[in-house]
Structures are given as structure tokens and as C-alpha cells.
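I set out to record what I looked up in this structure, entry by entry.

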Amino acid sequence: MTADGARGFQASGAGAGERVDLVLLGAGALIVCAFGAMAWLHARPGEPAFMAALALASVGYVIALARLARRPSVSRRTLFLCLVLAFAGRAALLTLPDDQGGDARRYVWDARVQRAGLSPYYARPNDPTLSGLHTDLTRGVHAPWLPTIYPPVAQLYFRVVASVDESIRAFRVAAVFLEQWGREGDGPGEFRNPVGIAIGRDGAVYVSDYEQDRIQTFTATGTFLRAFGRSGSERGEFRAQADVTVDNAGSVYVADFYNHRVQKWRQNRSVERVIGHAGRLGSGALHYPAGVTLTADGELLVADAYNYQLQWFTPDGQFLRRVGYHVFWIWPRPVSSRSGFFVPTDTAVGPDGIIHVADSGNHRVVMLSRNGEYLTEWRIPEPDPNVFSPEHIAASPDGTIVYATDLAKSRVLVLRVGT
């Protein structure tokens with residue numbers, strides 16, 4: 001994200017025309033046929049029919065990947081037809097019997113472990129001390145001697161779906177429908193460049209609709225609830241809200257990027273207060289805040305991107321402390337070790353209070369103590385000097401793994417936190 005061009009995000013394929021890509025659609029049709037045959041034959045893993053269908057689907061995937069590697073842009077019509085094919089392929093799997101839902105058993109187990117306040121990265125299904133968490137469904141989990149292998153975003157998905165219904169069919173239906181949230185547009189539940197997302201304690205989903213200067217809220221199953229905010233610079237208005245987070249009381253904090261401030265909203269979606277003010281120097285002065293996070297101590301941590309620093313505030317908006325540049329922004333040179341940041345765009349906090357920073361201009365992830373002292377860092381090998389990355393960052397529930405988005409190479413970096 002850049003201060004001058006943050007509104008310039010473009011979806012892949014913009015300007016590609018409306019010509020239908022027959023190669024890509026043919027590959028998709030091949031995959032759908034494979035899934036359809038698998039469902040029709042009720043093929044079980046390892047059986048010849050299952051392996052033949054899997055091989056057929058693999059051919060389709062290879063064709064699609066080869067086509068996209070040559071020319072990644074597609075027309076909107078092609079994209080729409082691909083979504084139709086994806087829907088059809090997943091819908092076919094709804095007809096499979098429940099005794100073939102081995103993966104879904106693990107999903108339900110992980111959700112139950114989370115609801116018990118435990119980490120799925122440590123809890124093993126065969127642990128006798130956890131027998132009380134099992135249901136008839138989860139007792140059939142594959143590889144019960146292993147903890148989960150699924151990342152934090154998947155864990156959130158498991159918990160949301162299981163909160164509706166703890167069944168294999170619920171996860172199959174979710175696989176068909178959850179990806180259909182929203183579309184491009186200006187109406188309720190429609191988006192133009194959604195860039196931030198947060199989950200409330202009640203399971204409500206908050207999405208930062210960047211180009212429409214509003215926050216939209218949904219139920220855990222994707223039903224639109226309400227939108228708040230509008231374009232402008234007055235209290236309760238946004239100019240490109242870059243990030244959003246929610247505290248345990250239901251208050252919503254929004255990084256109001258071009259207005260150089262953070263706004264705190266009450267549960268009734270009225271503005272409680274404005275945190276910070278536009279400026280380059282002084283406590284609480286913000287210049288293009290790009291990320292907001294709540295620390296393990298309940299403090300608000302702001303990634304003050306173009307002041308090249310992090311700032312801490314109380315939930316009531318009182319300034320606490322800051323780390324990073326606050327004088328040498330006139331010449332924001334690349335830095336090393338503990339001497340500062342160059343466009344920090346996001347932060348994540350582990351359960352132990354350790355803070356991880358996406359220091360995008362320096363192409364690194366920095367680890368800080370809960371009070372902001374430098375601990376260590378990891379740099380992207382051979383970074384692209386023209387792309388600020390990593391931009392976004394998240395930590396696993398147990399704090400042992402950090403995930404960061406690498407825009408330059410269109411990938412997610414997975415870092416293990418040493419002990």
C-alpha cells in the first residue's frame with residue numbers, strides 16, 4: 001500500500017476483454033466431470049474409480065495452471081463461467097455418503113477444541129484427557145495421534161461452520177457456498193476492493209470496503225447485517241479505511257488511511273471517539289495508518305506506515321508509547337537491525353504478547369516484545385525493490401507460526417517462531 005496510490009488496487013484480469021477462454025473453461029469442465037464421476041460412482045479413496053477420477057481432475061488442473069502461467073489475465077465472462085463450474089463441481093460432492101467425509105471429522109474436532117479454549121496445534125484426538133470433547137463423529141478422525149495441520153484462517157472457517165451444524169454435510173454445503181460472499185458492486189453485501197477483515201467475539205464478520213468508504217458486517221454464515229460510515233473527513237466518515245479490528249466488548253476500530261486517524265465505533269455503530277490526529281511529529285500524530293491490532297494487554301497498536309513507526313494507545317485513545325522513526329522521516333532510508341521501520345503496514349500479536357511487524361519497505365518481518373523492544377527479524381531473500389512487501393501478517397492461535405503476504409511473488413510466507 002502506498003500513500004499516493006493506495007486506491008489503485010486492480011483485480012487480476014482488468015482490461016482483458018470479454019472473449020471467452022475455451023482452454024480454461026475446457027479444463028474446468030474436465031475437473032467437474034471428474035468430480036461428478038466420483039460422486040456418481042461413490043468412489044472411495046484408493047479404489048480404481050477414485051484414482052481414475054483424481055487423475056482426470058489432475059489433468060484439468062495442469063491445463064488450467066499452464067494456461068494461467070502463460071497469460072494470467074482473463075475476461076469477466078470467463079471468470080463468471082469458471083465460478084459456475086466451480087459451484088457445479090462442489091455441488092456434485094454433496095451426494096457422497098457421510099462415511100467418506102474423513103477430512104470433515106477433523107474439521108469438527110478442531111472446532112470443538114477451539115471452543116474448549118485449547119489449541120488445535122497441541123490437542124491430539126487420541127489424548128485420553130480430551131475424551132470428553134469427542135462425539136460419535138469425531139471418534140473417526142484420521143491419524144488421531146497427530147494435532148491439526150490446518151492454518152489459522154482454516155481454523156476460523158472450521159469454527160464458523162461448526163457453530164451452525166457439526167456435521168459432514170454442513171462442511172460440504174459450506175464448501176459450495178462460503179466462497180460466494182459478495183460481488184463487485186455498490187449495494188449491501190457488495191464490495192469494491194475489500195482490504196481488511198475482522199471477526200467479533202459473537203462471530204460477526206467485519207469487512208473494510210476500501211473504495212466505498214464503509215465497513216460492512218455479516219453473520220458468520222454470510223448474511224448481510226449492516227454497513228456504517230460514508231465518504232468524507234468529518235467524524236463518522238472515511239477516506240479509504242485500510243484495516244479494521246474488534247475488541248471483546250464489540251467496539252470496532254478502523255484505520256482511516258487518508259484521514260490520518262483511527263476511529264472507534266460503539267456496538268450501536270455510532271462513533272465513540274477519534275484516536276490520533278494528522279501529523280508527522282509528536283505523540284499521537286498519524287500519517288497514513290495502515291493497520292490496527294489489539295495487543296494481549298488490550299491496548300490499541302497502530303501501524304503508522306508513513307511516519308515509519310508503531311504507536312500504542314489505550315482503548316480510550318490516550319497515547320502510550322511508540323517505536324521506530326519519528327524524526328528522520330524526511331529521509332526514510334532503508335534500515336537494519338533495531339534502528340527503525342520503513343513503511344510498517346500491519347502487525348500481529350501472539351497469545352504470549354509477542355508482536356510481529358510487516359516492515360514492508362525493508363522487506364522483513366520484525367519480532368518485538370509486548371512492550372516494543374526489538375527481539376529479532378527475518379528478511380525476504382532477494383526482494384523486489386519496487387514492491388513493498390510483506391504487507392499483511394497473522395499469527396497462529398498458539399503463537400508458534402507467523403503468516404505474511406509477499407506481494408512481489410504472490411505467495412504466503414510461513415515462519416516458525418523459535419523458542
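I took a cavity to be a set of points, on a 1 Å grid over the protein atoms alone, where a 1.4 Å probe fits but cannot get out; lining residues have an atom within 4 Å of a point. Grid points are joined across faces, edges and corners, and a volume is the space filled by probe spheres set on the points.

I noted that this is a predicted model, in which local features need pLDDT of at least 70, side-chain atom pairs count only at pLDDT 80 or more, and totals for chains, interfaces and linings use all residues. Residues are numbered from 1 along each chain as its sequence is written, and side-chain values use heavy atoms, with hydrogens and water left out.

Cavities. I counted 2 cavities of 30 Å³ or more. For the second largest cavity I recorded a volume of about 40 Å³. Its lining comprises His 363, Ile 380, Pro 383, Asp 384, Val 387, Ser 389, Asp 406, Ala 408 and Lys 409.

Helix H1. I used DSSP runs for helices (H or I, at least four residues) and strands (E, at least two), numbered from the N terminus. The expected span of a helix is 1.5 Å times one less than its number of residues. The 20 residues of H1 (residues 22-41) should therefore span 28 Å, and the end C-alpha atoms are 28 Å apart, which agrees. I looked for polar contacts (a pair of N or O atoms within 3.5 Å; within protein, one must be able to donate a hydrogen and the other to accept it, and residues adjacent in sequence count only if both atoms are side-chain atoms). At the start of H1, a side-chain oxygen of Asp 21 comes within 3.1 Å of the backbone nitrogen of Val 23. Just after H1, I found His 42 with a positive phi of about 50 degrees.

Burial. I called a residue buried under 20% relative accessible area, exposed over 50% and partly exposed in between (1.4 Å probe, protein chains only). Buried residues of H1 include Leu 24, Ile 31 and Phe 35.

Sheet. I paired two strands if DSSP finds at least two bridges between them. Four strands form an open antiparallel sheet in the order S15-S16-S17-S18. Its edge strands are S15 (344-349) and S18 (374-379), each pairing on one side only. S17 (residues 364-368) and S18 pair over 5 bridges, and Leu 368 stands opposite Tyr 374 in S18.

Asp 359. I located Asp 359 in S16 (residues 355-359). Asp 359 counts as buried because its relative accessibility is 0%. A polar contact of 2.6 Å joins its side chain to that of Arg 364.

Methods:
1 Å grid on protein atoms, 1.4 Å probe; cavity = no way out; pocket = protein on both sides within 12 Å on 5 of 7 lines; lining within 4 Å.
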